[in-house]
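The following paragraphs lead the reader through one protein structure, step by step. Please keep the sequence and the model in view while reading.

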Amino acid sequence: LYPVPIRGRFDLSFSAGQQVRIVNVEGSAAAAERYAIQLVAYFYEFATPNGREVMSFHWTPEAPDPTAIRFPHVHIGPALLGGQTVLRPGDLHRAHIPTGRISLPAVIRLAISEFRVFPLLDDWEFRLSATEALLSAEAHG
């Protein structure tokens, strides 16, 4: 994955990766409805321009490594932690902080609303909400 610089109030880069599986939908007669895309893993990361992790989201439930962390989680990167001494001094960035599954539109919303990334379109909020609604309907139905 290659980080891409993102325009905003702060100097950040972003990288994202998703692993998907194409599945055959049982009982679907129409060709357009015969297959579905199933998300099986993701990786989203905000970093500084020199590559220091700011925050990353991971979910790899089917990782072959038996020691892999399979539940969805976030890492608070060393770029944010600085001299933090309250919890796990020096390695809190390695903690796997549980989350629910995080969609790419949710991460984009975080970037715009909390990290002050400049949206490319004025109707970004509508587009993200519509995409999240579509993803939710596909996941439940």
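H75 is buried, with a relative accessible area of 8%. The model in which this value was computed is a predicted one. H75 belongs to strand β5, which spans residues 73-76. Two polar contacts involve its side chain: one of 3.4 Å with the side chain of H58, and one of 3.3 Å with the side chain of H73. When residues up to four places away in sequence are not counted, H75 touches E53, V54, M55, S56 and H58, and also H93, R94, A95 and H96.

T48 is placed between β3 (35-47) and β4 (53-59). Is T48 buried or exposed? T48 counts as buried because its relative accessibility is 19%, and the cut-off for buried is under 20%. Apart from neighbours within four places in sequence, T48 is in contact with D11, S13, V54 and A79.

The pairing of the strands comes next. Strand β1 (residues 4-6) and strand β2 (residues 12-24) run antiparallel and are joined by three bridges. In this pair, P5 has S13 of β2 as its bridge partner. Five residues lie between β1 and β2, and the two strands form a hairpin. Strand β2 is also joined to β3, again in an antiparallel manner, through twelve bridges. Within that pairing, A16 stands opposite Y44 of β3.

Helix α2 covers residues 104-113, and P105, V107, A111 and I112 are buried in it. Where do these residues lie around the helix? They are on the same side of α2, because they cover an arc of only 160° around the axis.

Leaving aside neighbours within four places in sequence, V107 is in contact with F14, Y44, F46, F57 and I102. V107 is also among the residues with the most contacts inside the largest nonpolar core, together with Y44, F46, M55, F57 and F115. This core has 14 residues. Which elements give two or more residues to this core? They are β2, β3, β4 and α2, and β4 gives the most, with four residues. In soluble globular proteins, nonpolar side chains tend to be buried together.

Notes. Residues are numbered from 1 along each chain as its sequence is written. This is a predicted model: local features need pLDDT of at least 70, side-chain atom pairs count only at pLDDT 80 or more; totals for chains, interfaces and linings use all residues. Side-chain values use heavy atoms; hydrogens and water are left out. Buried means under 20% relative accessible area, exposed over 50%, partly exposed in between (1.4 Å probe, protein chains only). The arc is that of the directions from the helix axis to the C-beta atoms. A polar contact is a pair of N or O atoms within 3.5 Å; within protein, one must be able to donate a hydrogen and the other to accept it, and residues adjacent in sequence count only if both atoms are side-chain atoms. Contact means heavy atoms within 4.5 Å. Two strands pair if DSSP finds at least two bridges between them. A nonpolar core is a set of buried Ala, Val, Leu, Ile, Met, Phe, Trp, Tyr and Cys residues joined through side-chain atoms within 4.5 Å.
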